Amino acid sequence: MSRNDSFSDFKKTISVTASALLNPRGISDSILSSHGQYEALLKDTLANDSVRGNALAKFKDRNLKLQNHGENTFQDIYSARNGASYFENSYIDKRSSFRILSYLNDDLLNDITDDKSDEVNHKKLLTDSDRDTAKNQLRPQDTPTLFDGFKATLTTDLKESDPTKRITNDSPQLQLESGEKVPQTTQENVPSEELEPSNIKQSTSINFLTDSFKSLLSTIDGLDIKKQNTAYEIEGLDSKMQHLKVRRDLMFNRVVDIEESQFDLESKLTLIRDRIEELKSMGIQPESTENSKTGNSSPILKSLDDSSTPLHSPIKPSLKRSESQYSEGVSETIDTSVQDDMSPQKNKQTDPLQLFFQPRNKKYRKTASTMQQYYPVGTKINSLDKCHDSSVSCIDFDVPFGILCTAGLDNHTVKVWDATKYKEVGHLEGHTASVTCMETDKDYNMLITGSKDATLKLWNIGTAALDYSNKDTDESDDTNILPSNCVHSFESHIDGVTAVSINSNTMVSGSQDRTIRIWDLHTGHCIETLDLNFSSITKTITDIQGSGFKPSGMLEGYSPHDLPITGGLQAYDVALATGTCDGIVRLWDLRSGDVVRTLTGHKDSITSLKFDTTNIITGSLDKSVKIWDLRMGALADSFTFESPVISVDFDAEKIVIANNETSLKVFDRTSRKHLYYGGDNQESLVESVRYQNGYAVEGRSDGTVNFWTV
Amino acid sequence: MTTDNFLPTLSDAVDPLYPQQLEVLRQQVLAEGGESATTQARFNYAWGLIKSSSIDDQRLGVKFLTDIYKETPGRRRECLYYLTIGCYKVNEYRMAKRYVDVLSSHEPNNKQVQQLKQMVEEKIEHESMKGILIGAGIVAGIATVTGIFFRSKRK
């Protein structure tokens with residue numbers, strides 16, 4: 001036939017046509033749209049965009065069908081035992097499913113980068129072709145191909161699982177096995193386990209030995225390949241980890257940035273809230289000011305300041321709300337007419353304490369800082385050098401990265417710090433002797449301090465920070481005229497206060513006058529007094545005074561008389577726990593004012609006490625920290641240090657201890673491990689510590705404050 | 001001999017492994033965490049699947065190779081080579097051609113790649129030829145039948 005003759009001419013035409021038909025573009029264009037079901041689904045979703053729920057519901061139905069078909073989940077390497085079940089679904093045939101699943105798009109296909117690791121492979125492939133005639137020798141500097149690895153696996157791992165040990169001649173791994181055949185000894189295989197040194201020594205067959213030698217050689221080669229491929233994998237993982245580390249750092253910095261702006265915005269929010277309160281208290285209605293509609297309150301501030309006179313008399317601190325650094329160029333003085341406006345209200349609420357406990361002085365922080373979680377455990381986040389000239393005697397903060405208050409031993413001033421920016425934001429002056437204890441409150445912007453001057457003071461930290469920031473900008477305001485941010489002074493004790501604890505609306509304090517007093521924070525009155533007239537306490541005090549007791553460290557400045565009688569106390573609801581200088585922990589019922597339980601065990605003064613729902617933890621001058629079980633009323637755990645324990649804080653996971661040594665002691669309650677942080681500076685000793693949620697702050701004898709994640 | 005090459009040839013992909021061996025490879029992958037297993041373990045299983053005689057298993061092997069290709073940029077050249085062989089074996093010549101074209105553009109000097117490319121092209125040609133021959137046969141058959149029909153009609 002004539003057609004047969006023209007076949008050779010056809011050949012070229014055909015291959016051209018075929019290559020046109022088989023053009024890669026063909027697949028990429030048609031891979032999804034050529035399958036009716038997918039197309040229909042796609043169209044459905046697109047067309048019903050307005051009726052979104054409908055399309056989604058349909059999609060869900062179909063998905064369900066997809067998953068319910070057969071017990072196996074689609075595309076799961078675990079459940080799919082073979083290819084048939086893997087590609088099976090109710091939509092399309094297995095071939096199409098396979099083609100969709102193993103489709104590589106053009107970008108990915110052409111993305112064969114020439115980075116360093118790739119270069120190795122590149123060379124490798126090139127040398128392979130040059131090595132076609134060469135013998136099987138490994139180049140250690142090159143990474144073997146995956147196929148090498150496969151062959152190696154066959155020779156090492158899969159030999160045993162070959163069920164028949166049948167010898168054929170058409171595949172590489174079986175050839176290797178055929179090489180292991182040892183006719184003389186009827187052994188088909190020479191597993192390395194059988195090659196005991198004794199066997200080798202006793203063997204008289206040269207063939208057996210040569211074959212074993214060859215077999216071992218190939219096994220060693222195989223292992224070498226596996227080793228190199230695994231090493232390559234490690235390299236890959238290393239670079240991935242490097243990459244992830246960079247990304248983590250990036251994300252971490254982002255969290256830091258976000259939190260900072262959050263805090264910034266929140267402080268502005270507080271300012272706005274305060275200003276609104278203030279304006280409202282002046283009787284200005286939101287409707288009467290057109291400016292409020294613009295959302296910008298600074299014109300109001302300006303108009304007020306225009307009419308203001310330099311005359312400035314101290315007004316109630318809680319009401320003295322003024323502009324901060326955020327509204328620059330605005331003087332903080334408030335004009336006299338405004339004060340006149342306020343005077344009627346002054347008459348209504350004369351008690352500054354009642355004025356203080358207004359919603360406006362509530363903490364407005366909605367975001368709790370979580371940053372300490374992202375530091376590795378045991379990181380020193382930051383350090384504030386020379387906070388005080390003398391030892392940091394007590395310290396407290398409200399939330400991690402929040403407001404930190406510190407007091408120095410020789411200084412009567414309490415300093416307020418921003419623990420995010422690590423700068424001083426306030427000064428609290430008013431005590432006439434050194435501050436011995438302090439506590440911040442969860443709800444209000446307040447700090448309560450107890451001092452050797454026998455008073456307790458309640459401070460408004462919010463106004464303190466404002467006044468401090470305004471101090472530099474305002475020349476007319478002398479620091480002496482600057483109103484004290486002390487809202488109230490609790491004066492009933494007749495000797496130095498040594499311990500304080502806030503208990504919602506009440507406060508308990510322990511003093512050297514051998515009393516515990518319970519105060520109502522809202523009225524400022526002492527509502528209950530507990531006397532510590534126990535013989536053991538009296539005896540301890542006389543003993544100390546008689547023996548010329550010489551305290552060390554933080555207690556160095558104390559005369560024997562100053563050794564705190566109440567080292568630590570905490571109240572919750574009607575329960576009170578006290579740790580006293582006789583080493584006894586007493587649990588009180590505040591309704592009756594009686595001791596309901598005593599816990600004995602410490603051999604020396606208790607310096608620190610804190611309890612939660614299950615435990616009381618105490619630190620003592622007898623160098624030990626004891627954990628008491630509240631329900632059993634017995635000692636649960638105890639450990640001893642080399643120096644007297646001064647300050648203890650804890651939560652469910654960690655106990656943080658300051659014991660007058662160079663390092664901060666942390667006890668991990670879950671792993672029961674002792675950890676020491678920061679013992680490098682021999683000069684400074686840890687004097688006081690506070691801990692919350694993995695975030696610890698410690699004050700040292702040289703005035704340094706350190707921030708840790710523990 | 002195949003053992004002298006570091007890359008497999010098409011004939012290396014022919015002999016199926018024993019089911020037990022394949023199962024060992026599968027268990028290795030699963031033991032290392034399925035999708036997150038090492039490249040080598042997954043390749044071993046994938047290659048074992050490609051060597052098998054079931055078309056579905058071979059497809060699964062190609063799918064795993066595709067995954068390796070996607071996740072391991074350093075192994076891409078190699079993977080393209082294996083992918084070409086895999087696709088060739090599952091009769092997806094269009095895919096094989098696509099892969100081998102990219103590979104040969106990156107490896108113009110590699111003899112094995114060029115050989116493979118040639119084989120794929122020959123196969124495509126051969127398949128097309130088969131189609132043409134069948135088509136031609138049908139046409140010839142119809143012509144003969146009609147010829148006979150007409151001849152018998154003329155009589």
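This is a predicted model: local features need pLDDT of at least 70, side-chain atom pairs count only at pLDDT 80 or more; totals for chains, interfaces and linings use all residues.

User: How far apart do the end C-alpha atoms of residues 599-638 of chain A lie, and what percentage of the span is helix and what percentage strand?

Analyst: Residues are numbered from 1 along each chain as its sequence is written, and chains are lettered from A and ligands numbered from 1 in the order in which they are written. Helices (H or I, at least four residues) and strands (E, at least two) are DSSP runs numbered from the N terminus. The end C-alpha atoms of residues 599-638 of chain A lie 13 Å apart, and the span is 62% strand and 0% helix. For residues 576-598 of chain A the separation is 12 Å, with 70% strand and 0% helix.

User: With which strands does strand 27 of chain A pair, and over how many bridges?

Analyst: Two strands pair if DSSP finds at least two bridges between them. Strand 27 of chain A pairs in the antiparallel sense with strand 26 (residues 686-692) over 6 bridges, and likewise with strand 28 (residues 705-709) over 5 bridges. Val697(A) of strand 27 has Arg690(A) opposite, and Gly699(A) faces Val705(A) in strand 28. The hairpin of strands 26 and 27 has 2 residues between the strands, and there Asn693(A) takes a positive phi near 50°. In the hairpin of strands 27 and 28, with 4 residues between the strands, Gly703(A) takes a positive phi near 90°.

User: Is strand 27 of chain A mostly covered or mostly uncovered?

Analyst: A residue is buried if 20 or more other C-beta atoms lie within 10 Å of its own, exposed if 12 or fewer, and partly exposed in between, with C-beta atoms placed from the backbone. Strand 27 (residues 695-700) of chain A is mostly covered, as 6 of its 6 residues are buried. Tyr695(A), Val697(A) and Gly699(A) point one way, and Ala696(A), Glu698(A) and Arg700(A) the other.

User: Why is Gly633(A) classed as partly exposed?

Analyst: Gly633(A) is partly exposed because 14 other C-beta atoms lie within 10 Å. This glycine lies in the loop between strand 20 (624-629) and strand 21 (634-640) of chain A.

User: Which residues touch the most other members of the largest nonpolar core?

Analyst: In soluble globular proteins, nonpolar side chains tend to be buried together. A nonpolar core is a set of buried Ala, Val, Leu, Ile, Met, Phe, Trp, Tyr and Cys residues joined through C-beta atoms within 7 Å. In the largest one, of 88 residues, they are Met438(A), Ile448(A), Trp459(A), Val656(A), Leu664(A) and Ala696(A). Apart from it lies another core, of 47 residues, including Trp47(B) and Tyr93(B).

User: How many helices and strands has chain B?

Analyst: Chain B has 6 helices and 0 strands. Of its 155 residues, 48% count as buried. In helix 6 of chain B, the buried residues include Val113(B), Leu116(B) and Ile124(B).
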